[in-house]
Amino acid sequence: MALVSGTNDEAGAINGATQQRRVEDGELDPRTLALGMGEQRILVGGTVQTHRNDPRTGVENRALCVVRDIRDESIDLTSVSDGGEIRRVSRDYALDHLQPAYASAVHGIQGETTDAAVVGPGVDAAGLYVGPDARAAPEGGRDYRSDRCGGNCAGRSRTRCGRRT
């Protein structure tokens, strides 16, 4: 499932709240961290998105990854799109080009495939390429689902670096 907001600020708020919830649930350990864009916390096990190509490390712009390790000078990322290969980026790269990615602004989600998308207020289907069935979602959003794959959408659904969202 994709969480889609109308603005980067809204996506940032959702990302921060989701990350904090994962910390409170014991899924992420806040004791080892790096700083990402806007000084957002990057935590081991967290879902992140890159925001710049880096041919030296093989990182592609807008890659969705899981943080595997945080070291003194670097961060190890695993991306589903390249078969799970580990990419090592510098902490400087993270500070300028890495952020938590549990939600995306509508312009950042365009072109991705998903079997479901919960979109926030102010976002309509014109900004998304999704299935034709829209259902009501909590708090004024819309839930767009594609049932064309007969309920078995694993091969076509959006994942965030190995964790289905």
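Start by selecting Ser5, which stands opposite Ala105 in strand E9. You are looking at a predicted model, in which local features need pLDDT of at least 70, side-chain atom pairs count only at pLDDT 80 or more, and totals for chains, interfaces and linings use all residues. Residues are numbered from 1 along each chain as its sequence is written, and side-chain values use heavy atoms, with hydrogens and water left out.

**Stop one: strand E1 and its partners.** E1 and E9 pair in the parallel sense over 2 bridges; two strands pair if DSSP finds at least two bridges between them. Helices (H or I, at least four residues) and strands (E, at least two) are DSSP runs, numbered from the N terminus.

**Stop two: the second largest pocket.** Stay with Ala105 and show Asn8, Ala11, His51 and Gln99 too: these five lie nearest the centre of the second largest pocket, which 18 residues line. On a 1 Å grid over the protein atoms alone, a pocket is an open set of points where a 1.4 Å probe fits, with protein on both sides within 12 Å along at least five of seven lines; lining residues have an atom within 4 Å of a point. Its volume is about 230 Å³, taken as the space filled by probe spheres set on the points, with grid points joined across faces, edges and corners.

Which elements each supply at least two residues of this lining? Colour helix H1 (8–24), E8, strand E9 (104–105) and helix H3 (106–109) to see them. H1 gives the largest share, 5 residues. By type, the lining divides into 6 nonpolar, 10 polar and 2 charged residues; Ala, Val, Leu, Ile, Met, Phe, Trp, Tyr, Cys and Pro count as nonpolar, Asp, Glu, Lys and Arg as charged, and the others, Gly among them, as polar.

**Stop three: the open sheet.** Next, select the 5 strands in the order E7-E6-E5-E4-E8, which pair antiparallel in an open sheet. E7 (86–90) and E8 (98–100) are the edge strands; each has a single partner strand, so one side of each lacks a neighbour in the sheet. E4 (residues 47–50) and E5 (residues 64–70) share 3 bridges, and Gln49 sits opposite Leu64.

Still in E4, pick Thr50, which is buried at 0% relative accessible area (buried means under 20%, exposed over 50%, partly exposed in between, with a 1.4 Å probe and protein chains only). Its side chain reaches the backbone nitrogen of Ala63 at 3.0 Å.

Cross to E7, joined to E6 (residues 74–79) by 5 bridges; here Asp76 has Arg88 as its bridge partner. In a regular strand, side chains alternate between the two faces of the sheet. In E7, Arg87 and Val89 form the covered face, while Ile86, Arg88 and Ser90 form the uncovered one. Zoom in on Arg87, buried at 18% relative accessible area, whose side chain comes to 3.4 Å from the backbone oxygen of Gly58.

**Last stop: two loops.** Where is Arg62? Look in the loop between E4 and E5: Arg62 is not a glycine, yet has a positive phi near 65°, and is partly exposed at 33%. Finish at Glu39, in the loop between E2 (33–35) and E3 (41–43). Glu39 also has a positive phi, about 60°, without being a glycine, and is exposed at 59%.

Methods
Polar contact = N/O pair within 3.5 Å; in protein donor to acceptor, adjacent residues only side chain to side chain.
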